[in-house]
Amino acid sequence: MFNKDRWKEILEVLTSNWFRTVLTAFGVFWGILILIILLAAGKGLENGIKQDFSGVATNTMFMWTQSTTMAYQGLPEGRNFNFKLEDVDLIKRNVPNLRIVSPRNALRSQSGVDNVFYGTESGSYRVFGDYPEIIFQNSMYTAHGRFLNHNDIAKKRKVIVIGDGIRKDLYEEGEEVLGTYLKIQGVNFMVVGTYKEKSSNGGNQNAERQIYVPFTAFSQAFNRADNVGWMAITAKDGNSISNLKEDVINTVKQSRKVHPDDERAIGFFDLYEEYNKIESLFTAMRWIAIIVGTLVLISGVIGISNIMLIVVKERTKEIGIRRALGEDPWSIKKQILMESIFLTIISGMFGIICGTLFIYGVNTLLDSVGPVDMFLNPSVSVGVVTAALITLILSGLLAGFIPAQSAIKVRPIDALRTE
Amino acid sequence: MIEIKDLHKSYKMGSNSLHVLKGINFSVEEGELVAIMGSSGSGKSTLLNILGMLDGADSGEYNLDNVPIKDLNETKAAQYRNKFLGFVFQSFNLINYKSAVENVALPLYYQKVNRKVRQEKALKYLEQVGLREWATHLPSELSGGQKQRVAIARAMAAEPKVLLADEPTGALDSKTSYEVMDLIQKINDAGNTILVVTHEEDIAHMCKRIVHLKDGVIVEDKKIEQVRAEQYV
């Protein structure tokens with residue numbers, strides 16, 4: 001392996017026709033470059049999309065009421081109904097393995113009509129009535145002050161947590177926000193904290209323009225009694241909400257006197273299922289990248305194999321001489337194989353280096369122009385690069401195999417006869 | 001040194017086969033210098049190839065230094081060639097991207113002699129053929145006679161039992177031919193066994209024994225008075 005003479009010979013052979021060697025190497029170089037760029041681009045897209053999910057509890061479903069479509073227990077079809085606060089406890093009791101059941105209410109904000117006032121400033125924002133646990137389900141964190149707590153709920157405190165976007169809209173730069181009052185539809189609430197989005201370096205600014213009110217205070221202030229607008233339900237880790245969803249819906253159907261077969265009375269959105277769809281989309285994309293890249297790589301490897309065949313043909317006489325001088329056929333085979341592997345690895349390494357530089361360049365560009373929607377930090381893992389290297393060694397071996405075989409098939413006497 | 005009994009060889013040419021060697025009986029003692037003569041098609045090259053283990057015989061016996069040469073696989077044949085035989089070809093057959101000294105060192109490399117010893121030995125043999133100062137030159141920078149002398153040095157480097165020369169002067173003018181023959185005679189003087197295939201009378205007469213082949217059989221085998229090549233150089 002580390003025989004100086006052998007390596008000297010490999011270099012002599014490969015450098016004896018520079019242009020041809022470079023052209024041949026280009027095939028493998030190109031294959032591995034495309035493989036790496038495709039994988040990195042896929043990863044960039046994946047990172048970009050997944051960023052929108054960052055901090056969101058993806059094992060979550062949302063559930064709301066619609067109108068019934070079947071008569072049941074003396075109640076007519078077409079009936080509108082609401083979830084009640086007691087349903088939350090009922091769900092928690094009936095369906096084990098749920099981590100968080102958050103009842104939620106919201107004020108309908110009409111666009112263009114301001115519903116929140118601070119001094120002379122005003123704006124139109126979405127206002128939610130929520131339990132403190134909502135912070136674990138949405139992708140937000142407390143930037144300043146505090147978030148809602150259970151005392152707020154119990155004492156029906158009229159306090160709010162506002163998004164950082166609202167602070168920018170309504171307040172002066174550097175103005176103290178905590179302890180100020182915002183008037184929401186005629187009711188004053190004290191600001192106790194601000195929050196920020198975990199994933200807000202995209203164009204997701206609207207998410208930081210929401211207001212969170214303690215659920216109980218919200219119900220009282222805006223006359224919701226014990227109605228619940230919708231629920232956000234997260235399963236415990238290790239349990240899929242998609243599997244628990246049926247139980248949850250059946251529980252509320254029963255408590256709200258909805259016909260068990262009424263499919264349309266309760267609407268829901270299974271975030272986990274959607275997330276999994278995206279996940280499998282990326283898996284598919286990764287496979288496409290791998291397959292396309294590998295196919296291009298294969299054509300490069302075939303190129304190498306082809307050239308090695310030509311080299312063997314050209315060196316038929318030389319091989320004959322060597323065998324007449326007593327070289328072991330195995331040694332000749334090894335020589336051809338090593339030439340092929342060497343060429344493959346060198347050109348592949350060069351491809352990997354260029355691919356990495358390319359990705360580095362794209363990342364630098366992305367950093368300098370600021371965040372781009374749905375694309376973030378394209379990269380390939382060390383594992384992928386290692387796998388690519390192993391593939392290269394194997395394909396070099398494969399590329400050299402047929403030529404090496406044909407080299408030792410040459411009988412010295414025939415080889416010497418070729419003038 | 002070499003013993004051959006009833007050697008037959010035929011080549012298949014499509015449907016009909018060509019019987020090239022039709023029962024050769026022949027032996028060579030150590031230290032002999034034998035010329036194998038014959039017109040083209042007489043089977044002399046085939047005989048040399050079989051002697052050189054480059055080709056196998058169909059039937060018959062072949063003993064080289066009391067080792068029966070039979071049913072060799074390529075690996076074994078390569079080993080025997082390396083150990084027993086040195087080849088000199090009409091077209092020199094030097095490896096053109098290797099310098100003279102590397103060419104000479106090649107058989108030693110296959111014997112897995114270490115690098116330093118290899119280099120020393122190769123230089124010693126180049127010195128013997130008078131080309132020491134050409135050691136680092138590529139074959140393309142050498143004249144025909146010089147190339148053949150490098151080839152002879154290469155053949156000698158492995159210290160073989162028998163040196164086989166296939167038309168060693170075939171590609172050379174007569175003056176150079178005599179120089180090469182002079183070298184071959186001197187190597188023979190040192191006790192080496194040498195077989196030379198040639199169709200040139202004057203070259204044949206510089207050997208000690210002439211074997212005439214015709215149509216696959218030996219028609220004449222005689223010892224002769226050796227003509228020294230020195231006087232023509």
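This is a predicted model: local features need pLDDT of at least 70, side-chain atom pairs count only at pLDDT 80 or more; totals for chains, interfaces and linings use all residues.
For helix α2 (residues 18–51) of chain A and helix α9 (residues 271–314) of chain A, the angle is about 175° and the axes are 8 Å apart. Because angles over 145 degrees count as roughly antiparallel, α2(A) is roughly antiparallel to α9(A). Sorted by class, the residues in the contact of α2(A) with α9(A) are 18 nonpolar, nine polar and three charged.

Chain A also meets chain B, in a contact that takes 17 residues from chain A and 19 residues from chain B. On the side of chain A that touches chain B, the elements giving two or more residues are α1 (4–15), α10 (316–324), α11 (329–369) and α13 (412–417) of chain A. The largest share of this side, four residues, belongs to α10(A). By class, the side of chain A that touches chain B holds eight nonpolar, two polar and seven charged residues.

Buried in α4(B) are B:Arg118, B:Ala122, B:Tyr125 and B:Leu126. Viewed down the axis of α4(B), the buried residues fall within an arc of 105°, so they line one face of the helix. Their packing partners are α3 (100–110) and α5 (144–157) of chain B. On the face of α4(B) turned away from the buried side sit the exposed residues B:Lys116, B:Val117 and B:Glu120. Just after α4(B), B:Gly130 adopts a positive phi of about 75°.

Positive phi values also turn up away from glycine. Most residues other than glycine have a negative phi. A:Gln185, although not a glycine, has a positive phi of about 45°; A:Gln185 is placed in the loop between β9 (181–184) and β10 (187–197) of chain A. With 12 other C-beta atoms within 10 Å, A:Gln185 is exposed, because a residue counts as exposed at 12 or fewer. B:Asp6 is not a glycine either and has a positive phi of about 50°. B:Asp6 belongs to strand β1 (residues 2–13) of chain B, and its 13 C-beta neighbours inside 10 Å make B:Asp6 partly exposed.

Terms used
Residues are numbered from 1 along each chain as its sequence is written. Chains are lettered from A and ligands numbered from 1 in the order in which they are written. Axes are lines fitted to C-alpha atoms, for helices over the stretch in contact, and angles run from 0 to 180 degrees between N-to-C directions. Angles under 35 degrees count as roughly parallel, over 145 as roughly antiparallel, 65 to 115 as roughly perpendicular and the rest as oblique. Ala, Val, Leu, Ile, Met, Phe, Trp, Tyr, Cys and Pro count as nonpolar, Asp, Glu, Lys and Arg as charged, and the others, Gly among them, as polar. Two residues are in contact if their C-beta atoms, placed from the backbone, lie within 7 Å. A residue is buried if 20 or more other C-beta atoms lie within 10 Å of its own, exposed if 12 or fewer, and partly exposed in between; C-beta atoms are placed from the backbone. The arc is that of the directions from the helix axis to the C-beta atoms.
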